[in-house]
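Hi everyone, thanks for making time. I'd like to walk you through a few local features of one model, so please have a look with me.

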Amino acid sequence: MDHFIYKDGALHAEDVSVSEIAATVGTPFYLYSTATLERHFTVFDEALHGLDHKIFFAMKANGNMAVLRTLAAMGAGMDVVSGGEYAKARAAGVSGDMIVFSGVGKTEEEMWQVLHGGIRQFNVESEPELRLLSKVATAMGKTASITLRVNPDVDAKTHAKIATGKSENKFGIPMSKAREAFAEAASLPGLEVVGIDVHIGSQLTDLEPYRQAFTKVAELTETLRADGHNIRRLDLGGGLGIPYERTNEAPPLPMEYGQVIRDTVGHLGCEIEIEPGRLIAGNAGIMVSKVIYLKQGEGRDFLIIDAAMNDLIRPAMYDAHHDIIAVVEPAPGVEPSPVDIVGPVCESGDTFTKQRNMPPLKSGDLVAFRSAGAYGAVMASEYNARPLIPEVLVKGDQFAVVRPRPTYEEMISRDKLPEWMES
Ligand code: LLP
């Protein structure tokens, strides 16, 4: 459920008309709903009710400071994957003990940075990373709390580019090497083993892979405890899918996901951590764009809009589907017809959808891409010298630009000319 609904024939974000925001901010832009973000956080919190748990927002999904602040105010911690994300989380007011640090390629500089600033735990992904972290922590006179990320070798049944739990993926330590790796971790100075971490992929629409992975984690917990490790935290990652195609998709509910967690690891008495990104932010955001032209091609019509692949790359990168709706609600009985919806970028890949049934639209009309709040703005670029599009946050009847559109001057002045070129 979200808060982007038609009221009197006009799309609203909570109590604000989307057309009104477009008139003030210009198009294209991202638009987020505070109430939806809060609702999604609460849904997860309730799904884990009764378990000792913490929710770390995977901020790679949406790193806007206002979004981070909104979630942090609800009690969310942050799952970060870079020094930059760590700095943003701290700037958003999140304390170090509510930040977990994930990722396969943490650098020595990043280890220094977060150990200095304070961190709840490192989710370590390899033996060389263990050794480097031990060296850095020891040199700083600190102890780093760690989990080891295991790769359970399960098929997450999601898009190949976002599946992470098979042995052919670069993530985690194979189950077969886990005991050895935990033994090494326990023997290294400057490290304290606190638990196990697992994340098998993103946009999962089936709970079975979770059940398999968490069952393996539960077995490993018992084995490692028997080996003498004090396993007291389980970080179960993120990945729960959202309905991108509302008419025919019904991914599992967080409540059902919570039940899988209870069934598989609930008896272990561990603190449970999860790292959802998409489910919190995805349907809390839309991207609004304006039709530039309706071009009649041979045998097909093209709706050319002012947003492009640089603004929302998911369709080009993962063949992702986004529902696209007219901001002015089509009158009942209006016949839709198929169009290709494309952006202005000079690549055929700059196609959002092919032969999608849409109501009649003309130049100047607004459309909204649903489910654009996760992996939208964060993956944008300035390809074709198109400035990053603004982000707007709504709360009730108020809205605010939470990242302005850069001017051309700002964009140009980021490049610096070498001295030998200065006139
Ligand atoms: N934890 C870890 C260690 C992750 O790698 C990820 C996502 C998450 C949590 C959050 O997963 P989520 O709950 O958002 O599914 N750009 C792609 C998605 C990449 C996901 C990468 N890792 C997309 O647009 O579909």
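I'll start with one glutamate, go on to a sheet, and finish with some backbone details.

A word on the ground rules. This is a predicted model, so local features need pLDDT of at least 70 and side-chain atom pairs count only at pLDDT 80 or more, while totals for chains, interfaces and linings use all residues. Residues are numbered from 1 along each chain as its sequence is written, and side-chain values use heavy atoms, with hydrogens and water left out.

So, where is E275 found? E275 lies in the loop between β13 (271-274) and α10 (278-281). Helices here (H or I, at least four residues) and strands (E, at least two) are DSSP runs, numbered from the N terminus. E275 is buried and yet has no salt bridge. Buried means under 20% relative accessible area, exposed over 50%, and partly exposed in between, with a 1.4 Å probe and protein chains only. A salt bridge needs a side-chain nitrogen of Lys or Arg within 4 Å of a carboxyl oxygen of Asp or Glu. For E275, the nearest side chain of opposite charge is K60, 6.0 Å away. Lys and Arg count as positive and Asp and Glu as negative, with His and the chain ends not counted.

What does the E275 side chain make a polar contact with? Its partner is the side chain of N123, at 3.2 Å. For that term we want a pair of N or O atoms within 3.5 Å; within protein, one must be able to donate a hydrogen and the other to accept it, and residues adjacent in sequence count only if both atoms are side-chain atoms. Leaving aside neighbours within four places in sequence, E275 is in contact (heavy atoms within 4.5 Å) with residues including D79, D197 and D235.

Now the sheet. Three strands form an open, antiparallel sheet in the order β1-β2-β3. β1 (4-7) and β3 (16-17) stand at the edges with a single partner strand each, so one side of each is left without a neighbour in the sheet. Strands pair if DSSP finds at least two bridges between them; β1 and β2 (residues 10-13) are joined by four.

Last, the backbone. The peptide bond from T27 to P28 is cis, with omega near -10 degrees, and P28 sits in the loop between α1 (18-25) and β4 (29-33). Q355, not a glycine, has a positive phi of about 50 degrees and belongs to strand β18 (residues 351-358). At 35% relative accessibility, Q355 counts as partly exposed.
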